[in-house]
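Hi,

Here's the structure I said I'd pass along.

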Amino acid sequence: MPESTKKGSEDAAKNLPVFDRDRCKQCGICAHFCPKGVMELDEAGFPRIIDAEACTECRLCEYLCPDFGIKLAAPENDAPGANGGRSDPLR
Ligand code: SF4
Ligand code: SF4
């Protein structure tokens with residue numbers, strides 16, 4: 001089993017937080033309570049991913065968001081970047 005191939009497929013399959021800006025009220029809970037420091041707030045107060053590799057897919061951010069503004073999903077589908085600005089995965 002080639003190690004390099006295995007690692008590549010694991011990275012591709014990883015789920016990461018996807019933010020719904022229509023729901024987000026910029027409270028910052030997700031960024032503040034993530035145990036791995038995966039997110040920070042941008043200038044407007046919206047969360048964005050700064051360390052995707054650190055994410056353990058624990059889903060704490062998804063559970064804590066009071067406005068159902070986060071869903072863990074594989075970013076490979078259509079996200080152009082870690083934050084992306086996607087707004088449809090919760091529907
Ligand atoms: S917890 Fe939800 S509402 Fe609050 S900043 Fe994060 S995504 Fe936005
Ligand atoms: S799933 Fe867990 S580790 Fe990943 S960003 Fe959310 S709270 Fe942080």
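Starting with ligand 1: the residues in its shell come out as 8 nonpolar, 3 polar and 2 charged. That's 13 residues in total, and C24, C27, C30, C65 and G69 are the closest of them. Keep in mind throughout that this is a predicted model.

Ligand 2 also has 13 residues around it, with C34, V38, C55, C58 and C61 coming nearest. Its shell splits into 9 nonpolar, 1 polar and 3 charged residues.

Some of those names come back in the core. The largest nonpolar core has 14 residues, and the ones touching the most other members are C30, C34, V38, M39, C61 and I70. Both β1 (16–19) and α2 (29–33) supply at least two residues to this core, and β1 gives the most, with 3. As background, nonpolar side chains in soluble globular proteins tend to be buried together.

Last one: T56, which sits in the loop between β3 (47–49) and α3 (60–64). Is T56 buried or exposed? It has 11 other C-beta atoms within 10 Å, and the cut-off for exposed is 12 or fewer, so T56 counts as exposed. T56 and V38 are 18 residues apart along the chain, and their C-alpha atoms are separated by 9.4 Å.

Cheers

Technical notes: Residues numbered from 1 in each chain as written. Chains lettered and ligands numbered in written order. Predicted model: local features only at pLDDT ≥ 70, side-chain atom pairs only at ≥ 80, totals over all residues. Near = placed C-beta within 6 Å. Nonpolar A, V, L, I, M, F, W, Y, C, P; charged D, E, K, R; others polar. Helix = DSSP H or I, 4+ residues; strand = E, 2+ residues; numbered from the N terminus. Buried ≥ 20, exposed ≤ 12 C-beta atoms within 10 Å, placed from the backbone. Core = buried A, V, L, I, M, F, W, Y, C linked by C-beta atoms within 7 Å.
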